[in-house]
Amino acid sequence: MKLSRYTVKNITAPISVPDDALFELPEKVLQFGTGVLLRGLPDYFIDKANKQGLFNGRIVVVKSTAQGDSSLFDKQDGLYTICVRGKEQGRTVEETIVNASISRVLSATDEWEQILECAHNREMQVIISNTTEVGIQLVPDDIRHHPPKSFPGKLLSFLYERFRAFGGSAHSGMVIIPTELIPDNGRKLESIVLELAHLNGLEESFIEWVEQHNCFCNSLVDRIVPGKPDAAQLKEIENAAGYTDGLVIIAEVYRLWAIEGNEELRSVLSFAGADPGVVIAPDIESYRELKLRLLNGTHTLSCGLAFLSGLETVKAGMEDQRLSAYMATLMQREIGPSIPYTMEAALIQEFSKNVLDRFRNPYLRHLWLNICMQYSSKLKLRCVPLLRRYYELHNQVPELIALGFAAYILFMKAITCKGAQYFGEHNGVPYLIQDDQAAVFFARWQGRDAAGVVKATLSDTPFWGEDLTLYRGFEKEVTSQLESLMQGDTGELIECTLNKKEVAA
């Protein structure tokens, strides 16, 4: 039996399934992105709220890129299964949910007119996005293109359509919640949209409407959602459920969506009442810094090392004595004390402990190679502020951070180029480098030794926003670590770095 609106009523397993009435709820949310994080967190909360009669609205999803196939959403009437697995307050949680929050998926490339028609819907209240860290950038864009090429351009086009549809009325403004993991994501997105409006010569009355009647919220999402289970897990899930689902995803129990806002905002985002994991607060900076640095920063500095060590998943990394020691020590010795935000040491320590427990979740198959996607921008946004703060505090080389940078540079060594795709190679096996800087590194590695590549990389001020070679001893340490990675055993190098020993020749 294939999951669909018409077969869901035949499910007899202990699974949370939607009532027929949920399919008739109005469309209240426009979501840019079909990724598993959105489906595993914001969409999870909205579905939960709908089932409790709190939000009563569904999501129109915009597929912004030409990559991937959205036909499964059509075939399954937008339904998909979330398998929540892990531990919460010492108890094992195994919950299976059929999510009915998505009403339809529209392609920006082929169905832009239908997306703009959603701007005419009076019920539409909220816009959510997750376009990765590289999505929220100012790109000179013409909003008259169908569609505009950038996410901010698409958003501006939609808002302008809504402004015209309702004559700039106050009630037609939207709550816009980007979930991209960058500081002040809401304010940054708003500034880009306003600048694009000026570049497109849009009228002042529209710009005033955007500023006065639309709310751009800073937000933070925190949940590990590895995505589709492996073949063995999928077979086990489908056998227990009694149906097949091409969109099934796995998610950990822990969930947090922190949104910066006041009580007035809470009345619009009524789904917040369905789960304590949705936090609406005037200041969410402490949530963001803990998650961005300790969880994401650790992931980013560890993913290249783990991949080069032959470890496929985060769970395998936590089972590896050397890598798990690296991750724990990295958090305790270099990341925690360098968080560029004042908070109690006990809070940092407790959060670090919880992060390591989450990494050990036996139900999650989180691939290190997936974490390496957009490696460069992640390192820049998550880890360079830690490097800067560490030097401010100690004025010496953070050796574990340096090792993470060295692994990044080696991972980014493309061996072959096929069209616009770049491939590295590890132990004779090619891997795809999914990074906006892949072409830069392909050229950078040509005719240079390790020292030359490190210097060219760290001194790339236009990319990093500063010259990282100016941090005393950092270039030398990264070069030494890179040379060792290229010659020796990665696990041995990790151990020697932790113990501050020389690597055996």
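The second largest pocket is lined by 29 residues, and Lys87, Glu252, Tyr254, Asn354 and Arg358 lie nearest its centre. The model is predicted, so local features need pLDDT of at least 70 and side-chain atom pairs count only at pLDDT 80 or more, while totals for chains, interfaces and linings use all residues. Residues are numbered from 1 along each chain as its sequence is written, and side-chain values use heavy atoms, with hydrogens and water left out.

A pocket here is an open set of points on a 1 Å grid over the protein atoms alone, where a 1.4 Å probe fits, with protein on both sides within 12 Å along at least five of seven lines; lining residues have an atom within 4 Å of a point. Two or more lining residues come from each of β3 (80-88), β9 (219-222), α10 (285-308) and α13 (345-359). Helices are DSSP runs of H or I with at least four residues, strands runs of E with at least two, numbered from the N terminus. Helix α13 gives the most, six residues.

Helix α10 also holds arginine 288. Beyond four places in sequence, arginine 288 touches Ile182, Pro183, Leu220 and Arg293, where contact means heavy atoms within 4.5 Å.

Now the nonpolar cores. Each is a set of buried Ala, Val, Leu, Ile, Met, Phe, Trp, Tyr and Cys residues joined through side-chain atoms within 4.5 Å. The largest has 76 residues, with Tyr326, Phe405 and Phe474 making the most contacts inside it. Helix α16 (residues 399-411) gives the most to this core, 11 residues. Another core, of 38 residues, lies apart from it and includes Phe45 and Trp257.

Notes. Buried < 20%, exposed > 50% of the residue type's maximum accessible area, 1.4 Å probe, protein only.
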